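Let's take a walk through this model together, starting with its landmarks and moving on to its rings and its pocket. Keep the structure open beside you as you read.

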Amino acid sequence: ASGKGTDFQSILDHINLGVLQDVKPVLLICNNVDAFALTRARKAGVKTKYIEGIVGKKFSDLDSRRDARRKFDSAVIEELKKHKTTVIALAGFNQIVSPVLIDSYSMRVLNIHPAFDTERYGGVGMYGDNVHRAVLANHESYSGCTVHYVDNSVDLGPVILRQRVPIKKDDTIESLSNRILVWEHRSYSKALQIHVDNLLNKNNLSKKDEWEKKWNERQKKYISYQTEHSVEIYGKILNEII
């Protein structure tokens, strides 16, 4: 994570409530020493590691930037091995991951993107408000979020799940962003559970309907928690957002 860490917090909350199962948070790595995500992790008793990132730094050429990314990811891999990490969730991480990390953890690095259509609204420069601005400018009827595996493209790795969020007539960048964030917080943990339960395996697809029922029943706990603590999480009552 690189910032506030609300997606990271939602994963912790799903674990604490017993919704997300067979997952243990062993380490939070940040490339921003001031990231509030670090505070969240320490409060939850999760180990943290700050590794100086490359965002905002100037490089003499593209090769130098790529080399810096590789060095960063090599340092990340060292930490992951120490903690026997098996799956990685990019939760508001603002740095493009290099092949060094992707190749070492193929189909085990997850990312969440704040758009339903990652082909039209993903890629370099498509993050945060830039995504919502583009979606609204094109007068789309819906947007949403996508959880996918990270590959050597940007935002175009194999999709684990997509969540559609309708766009309202009077939506602004802020209101759309807030409403999608609510669903990000519900979707990321679901995607992690899909990964852990190996549900994308063709041999397990027949279990999908039964799996969905069990997940939805468990997640009622998180939705109740999300509603009760919505002012704390979003600064507004949940009904005012969705």
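Helices and strands here are DSSP runs, numbered from the N terminus: a helix is a run of H or I with at least four residues, and a strand is a run of E with at least two. This is a predicted model, in which local features need pLDDT of at least 70 and side-chain atom pairs count only at pLDDT 80 or more, while totals for chains, interfaces and linings use all residues. Residues are numbered from 1 along each chain as its sequence is written, and side-chain values use heavy atoms, with hydrogens and water left out.

Let's begin with the cysteines. Cys145 is found in strand S5.

Next, have a look at the aromatic rings. Rings of Phe, Tyr and Trp (its six-membered ring) pair if their centres lie within 6.5 Å; planes under 30 degrees apart count as stacked, over 60 as edge-to-face, and the rest as tilted. The model has 4 aromatic pairs by this rule. One of them joins Phe116 and Tyr142 in an edge-to-face arrangement, with 5.4 Å from centre to centre and 85 degrees between the planes. This pair links distant parts of the chain: Phe116 is in the loop between strand S4 (109-113) and helix H5 (129-137), and Tyr142 is in strand S5 (residues 142-149), 26 residues apart. Phe116 counts as buried because its relative accessible area is 19%, whereas Tyr142, at 30%, counts as partly exposed.

Phe116 has another neighbour to find. Arg164 lies over the face of the Phe116 ring, 5.0 Å from the ring centre. The rule for such a contact is that NZ of Lys or CZ of Arg is within 6 Å of the ring centre and within 35 degrees of the ring normal. Arg186 does likewise with Trp183, its charged end sitting over the ring at 4.6 Å from the centre.

Now for the empty space. Rolling a probe the size of a water molecule over the atoms shows where empty space is left. On a 1 Å grid over the protein atoms alone, a pocket is an open set of points where a 1.4 Å probe fits, with protein on both sides within 12 Å along at least five of seven lines, and lining residues have an atom within 4 Å of a point. The second largest pocket has a volume of about 670 Å³, a volume being the space filled by probe spheres set on the points, which are joined across faces, edges and corners. Which residues lie nearest the centre of the second largest pocket? They are Leu27, Thr85, Val87, Ile88 and Ala89, out of 31 lining residues. Helix H1 (6-16), strand S1 (28-30), helix H3 (62-82), strand S3 (88-90) and helix H6 (173-196) each supply at least two residues of this lining, and H3 gives the most, with 4 residues. By class, the lining has 22 nonpolar, 4 polar and 5 charged residues. Here Ala, Val, Leu, Ile, Met, Phe, Trp, Tyr, Cys and Pro count as nonpolar, Asp, Glu, Lys and Arg as charged, and the others, Gly among them, as polar.

Glu79 lies in helix H3 and is buried, at 10% relative accessibility. Ser177 is found in helix H6 and is partly exposed, with a relative accessible area of 22%. Ser177 and Pro114 are 63 residues apart in sequence and 8.0 Å apart in space, C-alpha to C-alpha.

Finally, visit the loops. Met107, in the loop between helix H4 (99-104) and S4, has a positive phi near 60 degrees although it is not a glycine. Asn198, in the loop between H6 and helix H7 (208-228), likewise has a positive phi, of about 55 degrees.

How values were computed. Buried means under 20% relative accessible area, exposed over 50%, partly exposed in between (1.4 Å probe, protein chains only).
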